[in-house]
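Open the model in your viewer and keep the selection tool handy. We will go from stop to stop, picking residues and looking at what surrounds them.

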Amino acid sequence: RELVSRAGGEFMTLGFLACVVYFCRQAGGFAFLARCSERSVWALPSIEEDWLHTAENVHMQLFFAMVFYFVLIARIAVGSSRRIRSLEQC
């Protein structure tokens, strides 16, 4: 149950991140970043759409990493519980 509760919290955090990306797009935040990155010495996205796609890619990578993590932890927890039960029966 605790794992499901934590997963719900992580999904809410990713939902909040999606809202931030959406409102940043609507408010012209990515256009602002594109203008500011023109003078940068680092290799940064140079146009608004590139900033948006970068933010979306990072968001999806976080989502898939979180899903993989929770599936892995759930499998470990189930396997550990089975192993403990089998040892208790011996």
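**Stop 1: the core**

Select Val-21, Phe-30, Ala-34, Trp-51, Leu-52 and Ala-55: these six residues form the largest nonpolar core. A nonpolar core is a set of buried Ala, Val, Leu, Ile, Met, Phe, Trp, Tyr and Cys residues joined through side-chain atoms within 4.5 Å. Buried means under 20% relative accessible area, exposed means over 50%, and partly exposed lies in between (1.4 Å probe, protein chains only). Helices H2 and H3 each supply at least two residues of this core, and H3 gives the largest share, three residues. Helices here are DSSP runs (H or I, at least four residues), numbered from the N terminus. In soluble globular proteins, nonpolar side chains tend to be buried together.

Before moving on, note that this is a predicted model: local features need pLDDT of at least 70, side-chain atom pairs count only at pLDDT 80 or more, and totals for chains, interfaces and linings use all residues. Residues are numbered from 1 along each chain as its sequence is written, and side-chain values use heavy atoms, with hydrogens and water left out.

**Stop 2: where H2 meets H3**

Now colour helix H2 (residues 29-37) and helix H3 (residues 48-89); they pack at an angle of about 115°, with their axes 8 Å apart. Axes are lines fitted to C-alpha atoms, for helices over the stretch in contact, and angles run from 0 to 180 degrees between N-to-C directions. H2 and H3 are therefore roughly perpendicular to each other (65 to 115 degrees).

Which residues meet here? From H2, pick Phe-30, Ala-31, Leu-33, Ala-34 and Ser-37; from H3, pick Glu-48, Trp-51, Leu-52 and Ala-55. The residues of this contact (heavy atoms within 4.5 Å) divide into seven nonpolar, one polar and one charged. For these classes, Ala, Val, Leu, Ile, Met, Phe, Trp, Tyr, Cys and Pro count as nonpolar, Asp, Glu, Lys and Arg as charged, and the others, Gly among them, as polar.

**Stop 3: Trp-51 and Ser-37**

Centre the view on Trp-51. Leaving aside neighbours within four places in sequence, Trp-51 is in contact with Phe-30, Leu-33, Ala-34, Ser-37, Leu-44 and Pro-45.

Next, click on Ser-37, in helix H2. Is Ser-37 buried or exposed? Its relative accessibility is 9%, so Ser-37 counts as buried. Not counting residues up to four places away in sequence, Ser-37 touches Leu-44, Pro-45, Ser-46 and Trp-51.

**Stop 4: H1 alongside H3**

The axes of H1 and H3 come within 11 Å and cross at roughly 175°. That makes H1 roughly antiparallel to H3 (over 145 degrees). Among the H1 residues making the contact are Leu-14, Leu-17 and Ala-18, while those of H3 include His-59. The residues of the contact of H1 with H3 divide into 16 nonpolar, one polar and four charged.

Select His-59, which is found in H3. At 17% relative accessibility, His-59 counts as buried. Beyond residues up to four places away in sequence, His-59 touches Leu-14, Leu-17 and Ala-18.

**Last stop: Cys-24**

Finish on Cys-24, in helix H1. Cys-24 is partly exposed, with a relative accessible area of 24%. Not counting residues up to four places away in sequence, Cys-24 touches Gly-29 and Phe-30.

Note on methods: Parallel < 35°, antiparallel > 145°, perpendicular 65-115°, else oblique.
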